[in-house]
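The following note comments on the structure shown below, in numbered points. It is intended to be read with the sequence at hand.

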Amino acid sequence: MAKGSGCSMFKDLPSSRILKQITRLNNIAGTTESAYKFDQSKYAKIELFLQQRNIHGPAVGLKKFWRLNLPTLKFHNDDLQFVLTRIATESKADVAACPSKIIVHGVDPKDNLEIDCAGKHSSVILQELVKATGAVGVPADEIPRIKTPQEKESWA
Amino acid sequence: MLSNISMNRVAVSSGSRFISAIRLFSSTPITYKPKNPQNDAKRKLRREQAVKQRNKQAPESHPLYLTVPQAMRYLRAAEVGQPAKKTTVSILMTVLPERGSKPLAGSVYFPKPIKESHAMVFSLQEEVVAKAKELGATYAGGLELIEQIKNGEVKLDILTHAFATPDIVKDLRVIARQIGPKGLMPAAKKGTVSEDVEALMKESVGAFPFKQKEQHLSIPVGRCDFSDEEILKNLKAASEAIYGCQPPGTRKPNLIGQTCLSSTLGPSVVINFKL
């Protein structure tokens with residue numbers, strides 16, 4: 001059996017149990033480059049549309065965005081609704097027609113935004129989302145960081 | 001160390017003259033060394049005591065300690081986008097058993113159950129049927145209910161429990177093929193057939209059974225779409241049930257140690273579970 005999980009979300013983590021969990025928690029909390037706060041009075045819901053199976057090519061960016069960046073955004077915007085809709089596809093024509101996009105629902109329907117994510121890298125999708133919604137970066141002192149035992153007193 | 005170094009004469013040959021070579025240390029690995037049972041017992045005891053010490057420490061001193069609202073914030077973030085049904089939040093407890101003590105077992109009544117339980121009651125007596133409906137049985141009835149199930153008018157998929165009074169048991173054989181495979185056949189052996197259906201319903205509907213397995217006890221306490229208060233209430237109910245299921249006055253109680261909160265895809269954190 002191959003060492004380590006095949007799933008990319010859990011790769012490159014320390015093998016010690018405590019360090020692995022601390023790294024995961026800190027990854028969710030994010031860094032100044034990945035943590036943004038949306039204007040909750042203006043936007044109510046962020047909806048992602050993604051293919052159900054065999055994600056490859058144009059849909060990969062959005063999938064990575066969902067797994068890597070979205071948890072950090074949810075962590076800092078707990079009251080905002082995040083919805084993911086998977087679209088089942090049967091034939092190659094369906095796959096080609098399957099949308100890969102983000103719809104931001106505003107409190108006022110006039111503020112609704114749509115961002116097409118086909119073929120884009122997850123970091124590009126994040127930047128576009130931040131720019132379109134005018135999200136504010138979370139300052140470093142507001143991002144909770146859990147210290148490893150080496151940084152604290154040791155856990156006997 | 002020195003005991004492993006021995007002079008070995010090893011013959012190296014390929015059919016021609018033997019050339020003996022002297023090696024400075026034993027080729028037999030250290031695992032084949034004769035074991036000293038006393039040292040092993042001492043080491044095992046020391047290890048057990050260290051584990052006990054670790055589990056007795058206050059959860060707040062653990063590097064992964066978080067309060068439940070903070071933990072839920074991380075878990076909700078980790079489960080973002082997943083359908084609500086797949087986001088089970090559960091707790092995992094380390095239980096160190098004392099020698100000769102029974103494993104922890106019992107039931108928890110959650111204020112907000114993770115799975116809504118639906119009960120079906122069969123009885124020929126009308127008062128029992130009426131009482132069952134009062135207590136919240138999804139379906140309650142006598143022969144008419146059996147007829148309805150036979151005709152397929154009743155949705156059996158949502159039902160989790162079924163009870164009956166002894167008088168109607170023989171009539172249930174007609175629909176045994178339909179309710180049997182779903183585990184909904186009331187049987188005296190199972191304890192689902194009794195005159196006092198009311199007591200049966202109160203006991204099992206809404207109860208989640210738990211059993212300690214070796215050194216761990218794990219139960220689901222909610223989902224990520226529950227609010228923080230609901231999760232806290234469920235945790236409190238679970239805590240009372242688990243700490244309370246040891247009969248009072250036991251001289252050797254099981255030591256309940258570290259408790260971790262985790263979700264299907266989320267990380268696992270240590271929480272303070274004690275009442």
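1. Leu92(B) has Ser218(B), a residue of E9(B), as its bridge partner. The two strands involved, E3 (residues 88-96) of chain B and E9(B), pair in the antiparallel sense over seven bridges. Strands here are DSSP runs (E, at least two residues) and helices likewise (H or I, at least four residues), numbered from the N terminus; two strands pair if DSSP finds at least two bridges between them.

2. The model is predicted: local features need pLDDT of at least 70 and side-chain atom pairs count only at pLDDT 80 or more, whereas totals for chains, interfaces and linings use all residues. Residues are numbered from 1 along each chain as its sequence is written, chains are lettered from A and ligands numbered from 1 in the order in which they are written, and side-chain values use heavy atoms, with hydrogens and water left out.

3. The pairing of E3(B) with E9(B) belongs to an open antiparallel sheet of four strands in chain B, ordered E9-E3-E10-E11. Its edges are strand E9 (216-223) and strand E11 (269-271) of chain B, each of which pairs on one side only. From one strand to the next, the twist averages 30°.

4. Helix H2(B) lies across E3, E10 and E11 of chain B and runs at about 40° to E10(B). Axes are lines fitted to C-alpha atoms, for helices over the stretch in contact, and angles run from 0 to 180 degrees between N-to-C directions.

5. At the interface, 23 residues of chain B are in contact (heavy atoms within 4.5 Å) with 26 residues of chain A. The buried area, meaning the accessible area (1.4 Å probe) lost on putting the two parts together, summed over both, is about 2300 Å², and carbon and sulfur atoms give 63% of this.

6. Which side chains meet in a salt bridge? Those of Arg76(B) and Asp78(A) do so, at 3.1 Å, N to O. The rule (a side-chain nitrogen of Lys or Arg within 4 Å of a carboxyl oxygen of Asp or Glu) finds one salt bridge across this interface. On the side of chain B that touches chain A, the elements giving two or more residues are helix H2 (68-78) and strand E10 (255-263) of chain B. H2(B) gives the most, with five residues.

7. Chain A has four helices and six strands, in the sequence pattern α-β-β-α-β-α-β-β-α-β. Its C-alpha trace spans about 55 × 45 × 20 Å along the principal axes.
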